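Please read the numbered notes below with the sequence and the structure at hand. Each point takes up one topic.

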Amino acid sequence: MVSTKFSIGQKVYWARCERAPTSVECPDCGGTGRLRVTFHDETTVSIDCQNCARGFEPPTGRVTVYDRSPEARLTTITGIEIKQDSSVEYRTNDSYIIDEDRLFDTRDEAMTKAAAIAAEMDRAEREKVSRKEKDTRSWAWNASYHRREIKRAKESIAYHESKLAVASLKAKEQK
Ligand SMILES: [Zn+2]
């Protein structure tokens, strides 16, 4: 039988974090909400940044991230599971499953661990936001789609205008 650090019924401190949403400047458009696309013929157009746009909403220039605040929550162990790799998980009375390295005898130890977790998670999230692979394919697709539609609409206008011109000439002749 593997001995565990804590036992069922024991009150322990759980190192955890509360998340609150906040935002950082969009790393792709620098907060402007706009991006430039240059076509092969050197035409440059400005399009909405999709990295900081949510669905059909216009781009905000900001990306949502979270600020984590450390917390030591007193909890009671109600179950213990020893995994195949000998790691230990605890079930608690507030029905969470927690790794052994997140539980402590004292509030101070738990707060120290929670602060370290919060700082690391905040850092990793912001790094991920700024390193995220740029979705250049769909941006370019959007730009060329709009350009194609404009060209088609212009051709359509020219066609209809030419038809109207013919009609008005005929109307004049008949007078
Ligand atoms: Zn953006």
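The points that follow discuss the pocket, the surface, the salt bridges and the backbone in turn.

1. The structure is a predicted model.

2. The largest pocket. The space in the largest pocket amounts to about 220 Å³. Two elements, β3 (44-48) and α2 (136-174), each give two or more residues to the lining of this pocket. The lining is made up of I47, D48, C49, Q50, A53, G55, F56, E57, P58, P59, N142 and H146.

3. Where does Q50 lie? Its place is the loop between β3 and β4 (62-82), and Q50 is also one of the residues that line the largest pocket. Q50 counts as partly exposed because its relative accessibility is 33%, a value between the limits of 20% for buried and 50% for exposed. In sequence, Q50 and R102 are 52 residues apart, and their C-alpha atoms are 38 Å apart in space.

4. A nonpolar surface patch. Which residues form a nonpolar patch on the surface? They are I8, I80 and I82, and together they have about 240 Å² of accessible area. I8 belongs to the segment before β1 (11-25). The relative accessible area of I8 is 58%, so this residue is classed as exposed; the class requires a value over 50%.

5. Salt bridges in general. The count of salt bridges in the model comes to 18.

6. R73 and E18. A salt bridge joins the side chains of R73 and E18, with 3.9 Å from N to O. Why does this pair tie together parts that are 55 residues apart in sequence? The reason is that R73 lies in strand β4 whereas E18 lies in strand β1. Both partners are partly exposed: R73 has a relative accessible area of 24%, and E18 has one of 34%.

7. R73 and D94. The side chain of R73 also meets that of D94 in a salt bridge, again with 3.9 Å from N to O. D94 is in the loop between β5 (88-92) and β6 (97-99) and R73 is in strand β4, so this pair ties together parts that are 21 residues apart in sequence. With a relative accessible area of 26%, D94 is partly exposed.

8. In the salt bridge between R126 and E125, the closest N and O atoms are 3.7 Å apart. Are these residues buried or exposed? R126 counts as partly exposed, at 27% relative accessibility, whereas E125 is buried, with a relative accessible area of 18%. The limit for buried is under 20%. Elsewhere, salt bridges that share partners join R16, E18, E71, R73 and D94 into one network.

9. As background, most residues other than glycine have a negative phi. Which way does phi of E42 point, positive or negative? E42 is not a glycine, yet its phi is positive, at about 70 degrees. This residue is in the loop between β2 (34-38) and β3, and E42 counts as exposed because its relative accessibility is 61%. Phi of S95 is also positive in a residue other than glycine, with a value near 55 degrees. S95 is found in the loop between β5 and β6, and S95 counts as exposed at 64% relative accessibility.

10. E109 and A15. E109 is part of helix α1, which covers residues 107-131. At 39% relative accessibility, E109 counts as partly exposed. How far apart are the C-alpha atoms of E109 and A15? They are separated by 8.3 Å, although the two residues are 94 residues apart along the chain.

Notes
Residues are numbered from 1 along each chain as its sequence is written. This is a predicted model: local features need pLDDT of at least 70, side-chain atom pairs count only at pLDDT 80 or more; totals for chains, interfaces and linings use all residues. Side-chain values use heavy atoms; hydrogens and water are left out. On a 1 Å grid over the protein atoms alone, a cavity is a set of points where a 1.4 Å probe fits but cannot get out, and a pocket is an open set with protein on both sides within 12 Å along at least five of seven lines; lining residues have an atom within 4 Å of a point. Grid points are joined across faces, edges and corners, and a volume is the space filled by probe spheres set on the points. Helices (H or I, at least four residues) and strands (E, at least two) are DSSP runs, numbered from the N terminus. Patches are made of residues with over 30% relative accessible area and no salt bridge: like charges are joined within 9 Å, nonpolar side chains (Val, Leu, Ile, Met, Phe, Trp, Tyr) within 5 Å. Accessible areas come from the Shrake-Rupley method with a 1.4 Å probe; for residues, only the protein chains shown count as cover. A salt bridge is a side-chain nitrogen of Lys or Arg within 4 Å of a carboxyl oxygen of Asp or Glu. Buried means under 20% relative accessible area, exposed over 50%, partly exposed in between (1.4 Å probe, protein chains only).
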